[in-house]
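Have the model open and your selection tool ready. We will go from one stop to the next, and at each one I will tell you what to pick and what is there.

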Amino acid sequence: MKKILLVVALILFAGGLYVNFMVGPSAEQVDSVDETEPAEDIAGDDAEEQGEAPEDDSGSAEETENEEAAAEESDPEVAFNQESLDELHEEAAENNEALIIDVLLPDYYSDDFTENLEDEFGTETIQFNRLALDANTTELSEVGVNENSDAVIIDALQIRDYDDGMLTEREQEALSVAYMNIYDNDKIVFLLGNPNVDPDSDLEAVLSEDEAYFTENDYYYIDNQDVAADDYYEEDENVMAPEVENELIANIYDYLISES
């Protein structure tokens, strides 16, 4: 009987060892599992990173394009030959403002003159304001201009003196004083010479003398004595003909604007 019990006990002990060996993980297996778990974590982290949406750079690119477009729009479309006037023009354009030029004209210029002048320049960065000049040089006193203007163009009044029969009494000094009074108020000033509307009169000599005097004395003088036309005036309105004004406007543009 004792032998039988001993045999049964041995069988049970052997069975326990077998179950423990076959079912329980070995030390090597445990180590292997411990080593693979961080790899799985890393793979999970990579998967999460890959699942994240890439940063959108389109907004930054669009902002850059808008800034470049704004810079291009602020750039002046024309450049002035006079450095000081060009600097004022660039400053106005950077501030989204217009350079303002007052134009003092007698009544023998058409109502469309300043509008056509703006069309010739072809930019919204320059604004021309027309002001009346109701005098000849013998009657000329200090002339008024707008406080906010940057530059002034004054008609040189040769035709006015001719029409009033005052060519022989014409006073270049009066124009010089008017010019300097405006200049002393921190404005850039130009004198606009007239065309020779009557080649058979003394007007031709006056135009030539004025051009020599003002340019030799460093005034900004826009000469128009070479303007030629079949008819200088619109008889019904007593203003200069369109073809004459067009040449004057072209000469103003050429004098003021650099082609570079």
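**Stop 1: a charged network**

Select aspartate 161 and arginine 170: their side chains meet in a salt bridge, with N to O at 2.6 Å. A salt bridge here is a side-chain nitrogen of Lys or Arg within 4 Å of a carboxyl oxygen of Asp or Glu. Both aspartate 161 and arginine 170 are buried, where buried means under 20% relative accessible area, exposed means over 50%, and partly exposed lies in between (1.4 Å probe, protein chains only).

Before going on, a word on the model: this is a predicted structure, in which local features need pLDDT of at least 70 and side-chain atom pairs count only at pLDDT 80 or more, while totals for chains, interfaces and linings use all residues. Residues are numbered from 1 along each chain as its sequence is written, and side-chain values use heavy atoms, with hydrogens and water left out.

Helices (H or I, at least four residues) and strands (E, at least two) are DSSP runs, numbered from the N terminus. Aspartate 210 is buried, as is arginine 170. Through shared partners, salt bridges join Asp161, Arg170 and Asp210 into one network.

**Stop 2: a residue beside the network**

Pick threonine 137, in the loop between strand S3 (126-132) and strand S4 (151-155). Threonine 137 is buried, with a relative accessible area of 0%. Leaving aside residues up to four places away in sequence, threonine 137 touches Ala156, Leu157, Asp161, Arg170, Glu171, Ala174 and Leu175; contact means heavy atoms within 4.5 Å.

**Stop 3: another salt bridge**

How many salt bridges does a search of the whole structure find? The search finds 3. For one of them, select aspartate 107 and arginine 160, whose closest N and O atoms are 2.9 Å apart. Aspartate 107 is in the loop between strand S2 (99-105) and helix H5 (113-121), and arginine 160 is in helix H6 (residues 158-163), 53 residues apart. Arginine 160 is buried, at 13% relative accessible area.

**Stop 4: the largest pocket**

Show Ser84, Tyr179, Met180, Tyr183, Asp186, Lys187, Ile188, Val189, Asn217, Asp218, Tyr219 and Tyr220, which line the largest pocket. On a 1 Å grid over the protein atoms alone, a pocket is an open set of points where a 1.4 Å probe fits, with protein on both sides within 12 Å along at least five of seven lines; lining residues have an atom within 4 Å of a point. Its volume is about 160 Å³, meaning the space filled by probe spheres set on the points. Helix H7 (172-183) and strand S5 (188-192) each supply at least two lining residues, and H7 gives the largest share, 3 residues.

**Stop 5: two backbone angles**

Stay with aspartate 186, in the loop between H7 and S5. Its phi is positive, about 65 degrees, although aspartate 186 is not a glycine. Most residues other than glycine have a negative phi. Is aspartate 186 buried or exposed? Aspartate 186 counts as exposed, at 72% relative accessibility.

Finish at asparagine 238, in the loop between strand S7 (233-234) and strand S8 (239-240). Asparagine 238 also has a positive phi, near 55 degrees, and is exposed, with a relative accessible area of 54%.
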